[in-house]
Structures are given as C-alpha cells and as structure tokens.
Amino acid sequence: MWGIERDIQVPEQQRAPAQRTAADAVTVQEVIDRIISEHDAEGRPSPVLNHAAPRGPITVEYARILMRQHRPCNRDECPAKRCAFALLVDKGIMSPSPSAGQLEPGRVRAS
C-alpha cells in the first residue's frame with residue numbers, strides 16, 4: 001500500500017500445517033475403527049455404532065458381526081445386540097446363560 005516491502009518471518013509454531021495428500025490421508029473408516037477400539041478397550045459402548053435394531057430380517061453372518069461390534073454393550077440396553085442375540089439363540093448357535101436369568105432359548109426375561 002505504501003510501497004514498502006518487507007520480509008516477514010513467521011515462527012515455525014505459527015505456520016499452517018502442510019497440506020495432506022491422498023496418499024497420507026486418514027480415511028473415515030480408520031477414524032471410526034480407532035474410536036471403536038478405544039471405547040472397546042475401556043469397556044464402553046461405541047458412540048459411532050448404530051445401536052438401533054436392524055430394519056428387517058438379518059442373516060446369521062450379520063448377527064455375528066453385530067455381536068462382535070456390540071460386545072461391550074449391555075443386551076438389555078442395546079437393541080442391535082438384543083436382535084442379533086435373539087437370532088443366534090433361535091438358530092441354536094448360542095444358548096442363553098442361566099446366570100443371566102434366561103433359562104429357555106429365545107425367551108427374554110420380563111422387566
């Protein structure tokens with residue numbers, strides 16, 4: 001503006017971070033997996049998982065995936081885990097634990 005030119009030195013800590021490239025970018029799935037593993041290590045349900053019951057019939061394979069993903073979840077509080085567990089019990093793949101108050105396959109304890 002005034003015709004004065006100067007070199008301005010910006011300290012290292014104030015410089016903008018280098019631009020990320022596609023080769024070193026972190027994917028959304030990697031972020032989700034990290035959050036899930038951190039919560040799993042602490043024994044807490046993951047905030048990034050959908051805990052709602054699936055919309056419609058599910059396969060045994062998908063029920064097994066849900067059981068793994070929702071391992072730290074309480075079955076009474078997580079509809080996804082409850083649905084997967086019920087299917088696996090009905091198919092005879094899992095059996096309810098008598099200590100959990102479920103003595104008959106597929107029968108859920110009354111609240």
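The model is predicted: local features need pLDDT of at least 70, side-chain atom pairs count only at pLDDT 80 or more, and totals for chains, interfaces and linings use all residues. Residues are numbered from 1 along each chain as its sequence is written, and side-chain values use heavy atoms, with hydrogens and water left out.

**Whole chain**

Show the chain as a cartoon. Its secondary structure comes to three helices and zero strands, in the order α-α-α along the sequence. Helices (H or I, at least four residues) and strands (E, at least two) are DSSP runs, numbered from the N terminus. Of the 111 residues in the chain, 17% are buried; buried means under 20% relative accessible area, exposed over 50% and partly exposed in between, with a 1.4 Å probe and protein chains only. The chain exposes about 9,100 Å², and carbon and sulfur atoms supply 52% of that area. Accessible areas come from the Shrake-Rupley method with a 1.4 Å probe; for residues, only the protein chains shown count as cover.

**Helix α1**

Select residues 28–41. The 14 residues of helix α1 should span 20 Å at 1.5 Å a residue, and the end C-alpha atoms are 20 Å apart, which agrees. The expected span of a helix is 1.5 Å times one less than its number of residues. Now pick H39, which lies in α1. H39 counts as buried because its relative accessibility is 14%. Beyond its neighbours within four places in sequence, H39 is in contact with R44, P45, S46 and P47; contact means heavy atoms within 4.5 Å. After α1 comes G43, whose phi is positive, near 75°.

Next select N50, in the loop between α1 and α2. With a relative accessible area of 58%, N50 is exposed. Leaving aside neighbours within four places in sequence, N50 is in contact with H70 and A80.

Move to H70, in the loop between α2 and α3. H70 counts as buried, at 1% relative accessibility. With neighbours within four places again set aside, the contacts of H70 are L49, N50, H51, C78, A80 and K81.

**The nonpolar core**

Select I58, A63, L66, M67, C73, C78, A80, A84, F85, L87, L88 and V89, the 12 residues of the largest nonpolar core. Such a core is a set of buried Ala, Val, Leu, Ile, Met, Phe, Trp, Tyr and Cys residues joined through side-chain atoms within 4.5 Å. Helices α2 (60–69) and α3 (79–90) each supply at least two residues of this core, and α3 gives the most, with six. Centre on I58: not counting residues up to four places away in sequence, I58 touches A63, L66, C83, A84 and L87.

**Helix α3**

Select residues 79–90, helix α3. The 12 residues of α3 should span 16 Å at 1.5 Å a residue, and the end C-alpha atoms are 16 Å apart, which agrees. The buried residues of α3 are A80, K81, A84, F85, L87, L88 and V89, and they pack against α2. Just after α3, G92 takes a positive phi of about 80°.

**Last stop: R75 and F85**

Show the side chains of R75 and F85. The charged end of R75 sits over the ring of F85, 3.8 Å from the ring centre. A charge sits over a ring if NZ of Lys or CZ of Arg is within 6 Å of the ring centre and within 35 degrees of the ring normal.
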